[in-house]
Amino acid sequence: MSIEINHISKHYGDFQALDDISLTIPTGKLVAILGPSGCGKTTLLRTVAGLERADETPGADILFDGVSALNSPVNRRKVGFVFQHYALFRQMTVADNVAFGLTVKPRAERPDKATIKKRVADMLDLVQLSRLGSRYPDELSGGQRQRVALARALAIEPKVLLLDEPFGALDAQVRASLRHWLRHLHDTINVTSIFVTHDQEEALEVSDQVVVMNKGRIEQIGSPNELFSNPKTEFVMNFLGEVNIFHGRFERDKAVFGAKGAERDEAEAKMLVRPHDFAIRRARPSEGGIAAEVIRVLTAGALVKIELVDESRNLLYVHQSHAEYVADPVKVQDKVWLVATSQRIFRNGEDWSGDYVI
């Protein structure tokens, strides 16, 4: 089922949570809505589900497969919703939790007991919990509870699956394991899915498409590779991973950074460089280098992480592969030069291409 969101806005009193959101989600895609707390991502998800009512504005609509669902009640939208904190019934067994959505259907639509039992067994097998049907939620781990919540949402055979920070309450190791599992599950069931997250790694790793939101508006939409490689705004690049930020100003349409740059509060020009896009040089380069001193080296992990300070005592971060580091290791108090192998410059927050000097 495709989802078309047209001109959706939402106010809570004087606060505007959503500001004219338009978005199309193709059938069968897994889409992440990514952004900081308070950006409107959960409000948008709940509006799609019918748990929130959008403002009455011209052109506002939500269409499922071309049919308006804006005024349809929640139970008519055929949407499965998975909450961050599971929302399982503690007094019910796992099997009864999974069956709940089927047992509360109107009598004319409710399957018989044998069909419900088979459906529950199929769902528990799908989420790899087939032996735990007789247990209660308090007897499960956090990851298992979340899979039960997902099985319950899928049991009603939804046309759309909505997940609100589905792994937010879990520790890092369990989150990493479950997001790989979710991607595999989605490829198996192929239901149109939207999940909300503030974790950029999660969004980039799991989704087919990412929608980056900020202050109730959409900043950019694209595939994970498109957003990471070609951010259109400073906010998107800054939010999608670590960056080093240099403040500057424009002189005759040339961006000037470094000692000649503007103070932080005056900056209209910003250059953003990801840690892996810095090369370390022992000798001063012919142009464009940044003098820095190494203050910390962390070799534990997949990458070597090096912290430095420039001549203004601003912190800078460089990431190297272990092979690169071993070839020319730096140590604390080493004086080096940093050369950006790739960077992006933004003018008042928007992507800008042109001459610059450091």
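The exercises below proceed from the whole chain to single helices, a cavity and single residues.

This is a predicted model, in which local features need pLDDT of at least 70 and side-chain atom pairs count only at pLDDT 80 or more, while totals for chains, interfaces and linings use all residues. Residues are numbered from 1 along each chain as its sequence is written, and side-chain values use heavy atoms, with hydrogens and water left out.

**Exercise 1. The whole chain**

Task: State how many helices and strands the chain has, and what percentage of its residues count as buried.

Solution. 
Step 1. Helices (H or I, at least four residues) and strands (E, at least two) are DSSP runs, numbered from the N terminus. The chain has 9 helices and 21 strands.
Step 2. Buried means under 20% relative accessible area, exposed means over 50%, and partly exposed lies in between (1.4 Å probe, protein chains only). Of the 358 residues, 47% count as buried.
Step 3. The C-alpha trace spans about 80 × 50 × 30 Å along its principal axes.

**Exercise 2. Helix α4**

Solution. 
Step 1. The expected span of a helix is 1.5 Å times one less than its number of residues.
Step 2. Because 12 of its 14 residues are buried, α4 is largely enclosed by the rest of the structure. Among the buried residues are G143, Q146, R147 and L150.
Step 3. After α4 comes E157, with a positive phi near 55°.

**Exercise 3. Helices α5 and α1**

Task: Name the buried residues of α5 and those of α1.

Solution. 
Step 1. α5 has 18 residues and reaches 26 Å from its first C-alpha to its last, close to the 26 Å expected.
Step 2. In α5 the buried residues are L178, R179, W181, L182, R183, L185 and H186. Their cover includes β3 (30–34), α3 (113–126), α4, β7 (160–164), β8 (192–197) and α6 (200–206).
Step 3. In α1 the buried residues are K41, T43, L44, L45, T47, V48 and A49. Since 7 of the 9 residues of α1 (residues 41–49) are buried, this helix is largely enclosed by the rest of the structure.
Step 4. Just after α1, G50 takes a positive phi of about 95°.

**Exercise 4. The core and the cavity**

Task: Identify which residues touch the most other members of the largest nonpolar core, and which residues line the largest cavity.

Solution. 
Step 1. A nonpolar core is a set of buried Ala, Val, Leu, Ile, Met, Phe, Trp, Tyr and Cys residues joined through side-chain atoms within 4.5 Å. In the largest core, of 43 residues, V98, L150 and L161 touch the most other members. The helix α4 gives the most to this core, with 7 residues.
Step 2. A second, separate core of 28 residues includes I21, I25, V31 and V79.
Step 3. A cavity is a set of points on a 1 Å grid over the protein atoms alone where a 1.4 Å probe fits but cannot get out, and lining residues have an atom within 4 Å of a point. The largest cavity is lined by V82, Q146, R147, L150, L163, P166, F167, L178, W181 and L182.
Step 4. α4 (142–155) and α5 (172–189) each supply at least two residues of this lining.

Terms used: On a 1 Å grid over the protein atoms alone, a cavity is a set of points where a 1.4 Å probe fits but cannot get out, and a pocket is an open set with protein on both sides within 12 Å along at least five of seven lines; lining residues have an atom within 4 Å of a point. Contact means heavy atoms within 4.5 Å.
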